Amino acid sequence: MTDHRRPPHAVSRLRTERLARSAKPFLARGGIKGERCPGCRLVPSHCLCALRPEVPTQAGMCLLMADIEPLKPSNTGWLIADVVPRTFAFGWTRTEVDPALLALLADPQWQPYVVFPGEFVAPERLVHEVSTTDANKRPLFILLDATWPEARKMFRKSPYLNALPVLSLHPEQVSHYQLRRSRRDDHFCTSEVASLCLDLAGEGHAAQTLQAYLDVYTHHYLQAKHQLPPDAEGVARRRLEALKWAGKHPI
């Protein structure tokens, strides 16, 4: 059952706008006649809305989303917007830029970082740490939410990002994302990248919660795909519940 207590977040609103522009209905795979919960995009029998966490953060997330990404049930940018209240989402096109995006990047309360692999960036733009010393500047992580070829194109053809520092991540772990295939273990899904960014910004609890939420979402998604019930006592579910409890009862 959808949690109606929260208003639609940025990715949900972008999905609605994208659907309104579609010439034909978008039909996601699975579900009875395509039925999916509007709150979590899963089939109703595996709805995740009651488990949705929200963690207040100083850091913000700015998702630049390739055209079809907001429509995909497997898109994990949606999970970021579920967890991180200060999440912004914009559709990307090569020829136009949303004025609201330019205003966000120019907002003096934020220090934007484009998150992208350092091997494709000029050395003078690269940073490997997030500054948290200026109380008047909060980190804003710009994530290119797309397939890898699309993300490279977005990075090259977005001149309004050229003056911003590029945060290059060097995680030791490999990706555990199971909903789409990648040829490389060091290609992380958008939600995993956001978790790493939050950790660099000193937001460890939010980072762990987002990762646990991704694990639970993945479990529900795959169980629904195989027509099996979700495990309410599984490791991922218990970890998420523990993190939600810890967030409400800090030591």
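## A walk through the predicted fold

Helix α5 (residues 190-200) is mostly covered, with nine of its eleven residues buried, where buried means under 20% relative accessible area, exposed over 50% and partly exposed in between (1.4 Å probe, protein chains only). This is a predicted model, in which local features need pLDDT of at least 70 and side-chain atom pairs count only at pLDDT 80 or more, while totals for chains, interfaces and linings use all residues. Residues are numbered from 1 along each chain as its sequence is written, and side-chain values use heavy atoms, with hydrogens and water left out.

The buried residues of α5 include Thr190, Glu192, Val193, Leu196 and Cys197. The elements that cover them include β1, α2 (77-83), β3, β5 (138-145), β6 (166-167) and α6 (204-225); contact here means heavy atoms within 4.5 Å. After α5 comes glycine 202, whose phi is positive, near 80°.

The chain as a whole holds seven helices and six strands, taken as DSSP runs numbered from the N terminus (helices H or I, at least four residues; strands E, at least two). From the N terminus on, these elements follow the order α-β-α-β-α-β-β-β-α-β-α-α-α. Of the 251 residues in the chain, 47% are buried, and among contacts between residues at least 6 apart in sequence, 80% join residues at least 24 apart.

Arginine 41 sits in the loop between α1 (10-21) and β1 (60-65). Arginine 41 is buried yet has no salt bridge, the nearest side chain of opposite charge being aspartate 82, 5.8 Å away. A polar atom of the arginine 41 side chain does, however, lie 2.8 Å from the backbone oxygen of asparagine 75. Leaving aside residues up to four places away in sequence, arginine 41 touches several residues, among them Lys72, Asn75, Trp78 and Tyr217.

Aspartate 82 itself meets another arginine, for the side chains of arginine 52 and aspartate 82 form a salt bridge (3.4 Å, N to O). Arginine 52 lies in the loop between α1 and β1 and aspartate 82 in helix α2, so this pair ties together parts that are 30 residues apart in sequence. Both partners are covered: arginine 52 counts as buried at 14% relative accessibility, and aspartate 82 counts as buried at 1%.

The structure holds four salt bridges, and glutamate 69 takes part in one of them with lysine 72, the closest N and O atoms being 3.1 Å apart. Glutamate 69 is buried, at 0% relative accessibility. In another, glutamate 241 pairs with arginine 237, with the closest N and O atoms 3.6 Å apart. These two residues both lie in helix α7 (residues 235-248), four residues apart, about one turn of the helix. An α-helix has 3.6 residues a turn, so residues three or four places apart point the same way. Glutamate 241 is partly exposed, at 33% relative accessibility.

The structure also holds seven aromatic pairs. Rings of Phe, Tyr and Trp (its six-membered ring) pair if their centres lie within 6.5 Å, and planes under 30 degrees apart count as stacked, over 60 as edge-to-face and the rest as tilted. Phenylalanine 88 and tryptophan 110 form an edge-to-face pair, 6.1 Å centre to centre with 85° between the planes. This pair links distant parts of the chain, since phenylalanine 88 is in strand β2 (residues 87-91) and tryptophan 110 in strand β3 (residues 110-115), 22 residues apart. Phenylalanine 88 is partly exposed, with a relative accessible area of 27%, whereas tryptophan 110 is buried at 3%.

The rings of phenylalanine 116 and phenylalanine 155 have their centres 4.1 Å apart and their planes at 0°, so that pair is stacked. Ring pairs join Phe116, Phe120, Trp148 and Phe155 into a cluster.

Tryptophan 110 also has a charged neighbour, as the charged end of arginine 138 sits over its ring, 4.4 Å from the centre (NZ of Lys or CZ of Arg within 6 Å of the ring centre and within 35 degrees of the ring normal). Both Trp110 and Arg138 are touched by arginine 86, which is placed in the loop between α2 and β2.

Notes:
Lys, Arg positive; Asp, Glu negative; His and termini not counted. Polar contact = N/O pair within 3.5 Å; in protein donor to acceptor, adjacent residues only side chain to side chain.
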